[in-house]
Amino acid sequence: MKYWKTCMLFALGGTAYFTLECVWRGFSCGSMFLLGGLCFLLIGKIGQTALPLAAQLLLSAAMVTALELLTGLAVNRDYSVWDYRALTCNFLGQICLIFSLLWLPVSFAGLALYCAAERRLERLGKL
């Protein structure tokens, strides 16, 4: 059951991230589904800590930014997936301050969605 729930949460997070990119930029990349799924699971784990909400959001945004950098260095060396080089406060064109700050409200939505989805999956598992 736990494996099934984890897979469902991963798929939900991956789909949400991929869809958010398509709405924001008009396209995405399959690697963003994988990144989104991983980020969603980790945001959910951060949300289960005893940290204050503000700390959870800051930690989540920092984690997403770090994983976006690692993913960018692995799959976006030619800047064909995204390119932040023209934006202020960017690092290697892979991450930038503006999008790092955007992860704060997105992390808040992710925490809420994770909690709701996890509760729903727990109820479904008891049927």
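How many disulfides does the count come to? By the rule used here (a pair of cysteine sulfur atoms within 2.5 Å), the count comes to zero. This is a predicted model, in which local features need pLDDT of at least 70, side-chain atom pairs count only at pLDDT 80 or more, and totals for chains, interfaces and linings use all residues. Residues are numbered from 1 along each chain as its sequence is written, and side-chain values use heavy atoms, with hydrogens and water left out.

**Cysteines**

- A disulfide is a covalent bond between the sulfur atoms of two cysteines.
- The closest cysteine sulfur to that of cysteine 22 is in cysteine 29, 10 Å away, which is too far for a bond.
- Cysteine 22 is partly exposed, at 28% relative accessible area. Buried means under 20%, exposed over 50%, and partly exposed in between (1.4 Å probe, protein chains only).
- Cysteine 39 is in no disulfide either; its nearest cysteine sulfur, in cysteine 29, is 14 Å away.
- Cysteine 39 is buried, with a relative accessible area of 3%.

**Helix H2**

- Helices (H or I, at least four residues) and strands (E, at least two) are DSSP runs, numbered from the N terminus.
- H2 spans residues 30-47, 18 residues in total. From first C-alpha to last it reaches 26 Å, close to the 26 Å expected at 1.5 Å a residue. That expected span is 1.5 Å times one less than the number of residues.
- Its buried residues include Leu35, Gly37, Cys39 and Phe40.
- Helices H1 (2-25), H3 (53-75) and H4 (97-125) are among what covers them. Contact means heavy atoms within 4.5 Å.

**Helix H4**

- H4 has 29 residues and reaches 40 Å, close to the 42 Å expected.
- A kink of about 30° is centred on proline 105. The bend at a residue is the angle between axes fitted to the seven residues ending there and the seven starting there.
- Valine 106 also lies in H4. Valine 106 counts as partly exposed, at 28% relative accessibility.
- Among the buried residues of H4 are Trp103, Tyr114 and Glu118.
- Their cover includes H1, H2, H3 and strand S2 (95-96).

**Nonpolar cores**

- A nonpolar core is a set of buried Ala, Val, Leu, Ile, Met, Phe, Trp, Tyr and Cys residues joined through side-chain atoms within 4.5 Å.
- The largest core has 18 residues, and Leu35, Cys39, Met63 and Val64 have the most contacts inside it. H2, H3 and H4 each give two or more residues to this core.
- Apart from this core lies another, of six residues, including Leu9, Phe40, Ala117 and Leu121.
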